[in-house]
Amino acid sequence: MFDGILTVTVFLPAAVAILVALFARGKNADQQIRWIAIGATIATFVLTVMVFVGYDQDAAGVQMIDYFERWIPVDALKSSYLLGVDGLSAPLVLLTGILGMAAALGSWRIKKRVREYFLWLLLLETAVLGVFVSLDLLLFFIFFEFELIPMFMLIAIWGSGRPRYSAMKFVLFTLAGGALMLIAILALYVTPDVNTLTMVSLTVDGKYIPGIPELIAGKDLIIPASLIFGFFFIAFAVKLPLWPVHSWLPDAHTDAPTAVSVMLAGVLLKMAGYGLLRINLGFFQETNGFTIHDVAGYMAALAAFSVIYGGIITVRQTDMKRLIAYSSVSHMGFVLLGVAAVGSSAAHTSAAGLNGAALQMFTHGTITGLAFLMVGLSYDRTHTRHIPHLGGLWKKMPLIAIFFLIAGFGSLGLPALSGFVAEIMVFLGTFSVWPWATSVAAFGVVLAAGYTLWMVQRVFFGARPATPGISDEVYDNLIDANWVDMIPVVALAAPIFIVGIWPSVVTDMFDIGIQAVLR
Amino acid sequence: MTVQDFWVLSPEIAMALLALLVISVDLVTRSMAKVAAVAFIGLVAPVILTLNLWFGWFGDPATGAALFGTFEADKFSLFFKFLLLTVVAGTILASAKYIASDRMKDYGGEFVSLILLSVTGMMILVSATELITIYVALELTALPVVALAAIHRSKQGVEAGTKFFVLSAISSVILLYGFAYIYGYTGSTHLDVIMMRLAVIPTESGVPFGSYAVLLSVIFIVAGFGFKMAIVPWHMWVPDVYQGAPTPVAAFLSVASKSAAFAVVMRIMYVAFGNDALMQDWSGLFAILAAVTMTVGNTLALSQSNIKRLLGYSTIAQAGYILVGLASVPANQVGATFAGAGPHGVLYYLAGYAFTNLAVFFAVIAITSRTNDDSIEGLNGLLKRSPLLAGLLVFGLLSLLGMPPTVGFMAKVVIFGSAINANLTWLAVIGVVNTVIAAYYYLQVIRAIVFEDAVDESKFSADKPILAAAGVAAIGAGVFGLAPFLLLEFAEQALSIIPGL
């Protein structure tokens, strides 16, 4: 079966990127490249909307399958080209479509090496989309690792501060996690009678293909299941990121260009959350000798610690970008907390908590993406992100201030915005399972309110500081965002309101996915 | 010779005639561009004749052997002939500018003609099914390369040529010694007859390969071809010759000569020593050689500062990965549910490696011919000076490193996967560790290209022919990585002729 839409969606950005890089010539090449790249991301966005809307919620299961069995036609390696979406991946595909478009639009002002910049940005979008729709572990791994190259280049070449150091740190952390993941994949594969890399059980062309979760259920694996679980967990913990392997994130975010921060916070971190749900949760419920239920309590504790630790560190930040980066550590802790709602046994599992984890990924993607976009717009004008140097920007840049405030309110969980729905779902779902950890983590929201409002207050509303970082002349000439800047901003703000007011548009979808993962 | 023989040998005959044609054209024209063009267009003839043998367009001459069963144009050999023809086409394109240069223009015709002759030898080599034919083909392969390596008559060039000549002579002697043992033991030089005789000769228990004669023979044969495959401990000539010889020759050697040697070793091992017990014995031998070759090649590459030497050591390490596939024999498999993938992996890896390595070498040729500096520091800031060449080189290096989704990654996955299947998990682990070691030196080169600042900021570009050759090679490395089935289905057909697969 080859539905085709997912293959086209995934490879459209890469194909356009390569064609543009090779063939755009002439005086106005840079301008053409901008337009074509933005056009490609818009087309991809439309395709992701089609995927999301086209998913038949009544039929559930894996849909829009692209299956090519003889992708690697040797019997020793049963890996096939298998793409498909289910309730878990469809909203994340949509999220990638939205953020990919916003990132390309937000890169309008890039002047340096435009051709390469958009090449890498579009390749990055292909890699991320590929991660979400791959249902073959080898394919998943390829996309998961491929994302490193564009990300490295984008940070190292177009970054500021210490770009090469940050890019290298990012690559080394992720590569180490990736190496562990590869070992885990091979260990699963060579377990007798598994010998497949299909991530979920599904039916293609009337043929039933059993997936790894089904094949390893009740089996002794070649190395202890706890070890394999651990390898996957570490790989995703690095990417999520969780304390104590989070330290690459603030550096990468601070030094990356705005649009890359948007992609990094918006969708790259979600690859880890997706992996936790799809692999750590999906594979290890019925394995022999060890299941995810055995460690759910530790995961809840780690999540609570990560939330609080991230929150406290965030309060101390004076750089706007670094502040938002650390807040990601805190917010992604909620994702793990939601995953921990799987509980100490199948009977204790709270599907609401798991749903909350998935929704938290979606909402954090849009909210933090918006926040980074607004920091970028503000920085473009003031040329500083140092909070004590700023103040009173509200009068000069009301639009930027308003949308910054929206991102901030979303982040701290104001009702009617999407962050509130996600957090309340995580708390309600997980409280019944891990009351202590949830109670502790709930303070993360208080911290979030603190650091977010304090920053917005100091940067936008307070009086200008006694020793301003920007001269009066610059301050007087500050201009607000224009309509070109506002397109990506609105594109990211819209889902925050939509999901906040009408959450079931994505939660229904996630629910189908979570039920399938829980089997 | 019968008509049948002529059909079966037609690609080789066409190739030899082309070599003569090129040297004749060289007599009447001074334009090296014309010489290269004649050679390149002339390649159409052997390509069509090879295609004919594969598809049987004009009747079906591929069935049955030629020349009294010493030569067989089976699909296995045709797979390698296609590969060799692709490589030589690329090499000619990439040398078009080089042979027109001042110091080369007097020998341009000879240069191209010698390459074509060497390829003729390789094409016979991959088809030979008899030991004497193998030996003769091997000599035809090696002697033109001696002249090619020394064609500059510079001190370095002559040193490279002499080194290659002496070592290739010694390796030939060792090889002959191995052939003599197996001939004395079985009374035949035909590979299939050797297999049959070995099956009926009683074996001594507790001796590898069932007898010391066979053991010595296999060791000598492997040692003899070890020089051509450039595996440790017969690798010493590689860096010196790569550095001293003209770079197009190094590119040609690193790919064509290696592929042909692996092809003939595969044929000898699977056809002459292909029964299950022997297979397990030589699998062990290749497993050890693989582990040593990968580790030594990568370790020595770490401290290189010359790009050509670094690539020399990198090709040694790559040969080690291919040996992993050779060691992963079907006889060792766990369970009966799998067919062997080791041989598939070898063919896939060789083809993927050919495209990758050519892209890298061609980019290096194009760059060093402008900068006249083949140190790694000479590549500093290349991305700003020549973005296209830099992109091609970085892509090729990432594929050599084994970064998803290039062919280098896929080939490694197939090879290591087949090793695990063949109960050689330890070898797969050594392979993965080596990949990580290799990442260091490949990334060092990439770092120089992308991040360092150039001393000389002037921009430059490459000539169209070499750019086309490097571009096609890089596209191949990308496409075969994303769509491994294109090559693997092809390999599957090629391997269907080996008994026991």
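In chain A, residues 24 or more positions apart make up 81% of the contacts with a separation of 6 or more, a contact being two residues whose C-beta atoms, placed from the backbone, lie within 7 Å. This is a predicted model, where local features need pLDDT of at least 70, side-chain atom pairs count only at pLDDT 80 or more, and totals for chains, interfaces and linings use all residues. Residues are numbered from 1 along each chain as its sequence is written, while chains are lettered from A and ligands numbered from 1 in the order in which they are written.

**Confidence**

- The model comes with an ipTM of 0.75 and a pTM of 0.85.
- For chain B the average pLDDT is 88, and 96% of the residues score at least 70; pLDDT is the predictor's confidence in each residue, from 0 to 100.

**Chain A overall**

- Chain A has 21 helices and 4 strands, which are DSSP runs numbered from the N terminus (helices are H or I, at least four residues; strands are E, at least two).
- Its radius of gyration is 22 Å, close to the 24 Å that the globule rule gives for 519 residues, so chain A is as compact as a globular protein of that length. That radius is taken over C-alpha atoms, and the rule is 2.2 Å times the number of residues to the power 0.38.
- The C-alpha trace of chain A spans about 70 × 60 × 40 Å along its principal axes.
- Of the 519 residues in chain A, 61% count as buried. Buried takes 20 or more other C-beta atoms within 10 Å of a residue's own, exposed 12 or fewer, and partly exposed is in between, with C-beta atoms placed from the backbone.

**The strand 1 and strand 2 pair in chain A**

- Strand 1 (residues 63-68) and strand 2 of chain A run antiparallel, joined by 4 bridges; strands pair if DSSP finds at least two bridges between them.
- Across the pair, Gln63(A) sits opposite Val85(A), and Tyr67(A) sits opposite Leu82(A).
- Strand 2 (residues 81-85) of chain A has 5 of its 5 residues buried, so it is largely enclosed by the rest of the structure.
- From strand 2 of chain A, Tyr81(A), Leu83(A) and Val85(A) point one way and Leu82(A) and Gly84(A) the other way, and all are buried.
- Strand 1 of chain A is also largely enclosed by the rest of the structure, because 5 of its 6 residues are buried.
- Met64(A) belongs to strand 1 of chain A and has a positive phi near 55°, in a residue other than glycine. Met64(A) counts as buried because it has 23 C-beta neighbours inside 10 Å.

**Chain B overall**

- Chain B has 20 helices and 0 strands.
- The radius of gyration of chain B is 22 Å, close to the 23 Å from the globule rule for 501 residues, so this chain is as compact as a globular protein of that length.
- Its C-alpha trace spans about 70 × 50 × 40 Å along the principal axes of chain B.
- In chain B, 61% of the 501 residues count as buried.
- Take the contacts in chain B between residues at least 6 apart in sequence: 80% of them join residues at least 24 apart.

- Helix 14 (residues 342-371) of chain B has 30 residues and runs 42 Å from its first C-alpha to its last, close to the 44 Å expected at 1.5 Å a residue. The expected span is 1.5 Å times one less than the number of residues.
- With 26 of its 30 residues buried, helix 14 of chain B is largely enclosed by the rest of the structure.
- Ala390(B) is in helix 16 (residues 387-401) of chain B, and its 20 C-beta neighbours inside 10 Å make it count as buried.
- Beyond its neighbours within four places in sequence, Ala390(B) is in contact with Leu382(B), Leu383(B) and Ile449(B).

- The peptide bond from Trp243(A) to Pro244(A) is cis, with omega near 5°; Pro244(A) lies in the loop between helix 9 (225-239) and helix 10 (248-255) of chain A.
- Pro404(B) and Pro405(B) are joined by a cis peptide bond with omega about 0°, and Pro405(B) is in the loop between helix 16 and helix 17 (407-421) of chain B.
- Arg153(B), in the loop between helix 6 (131-149) and helix 7 (155-186) of chain B, has a positive phi near 55°. Arg153(B) counts as exposed, with 10 C-beta neighbours inside 10 Å.

**Where the chains meet**

- The contact takes 17 residues from chain A and 19 residues from chain B.
- Helix 5 of chain A gives the most to the side of chain A that touches chain B, with 4 residues.
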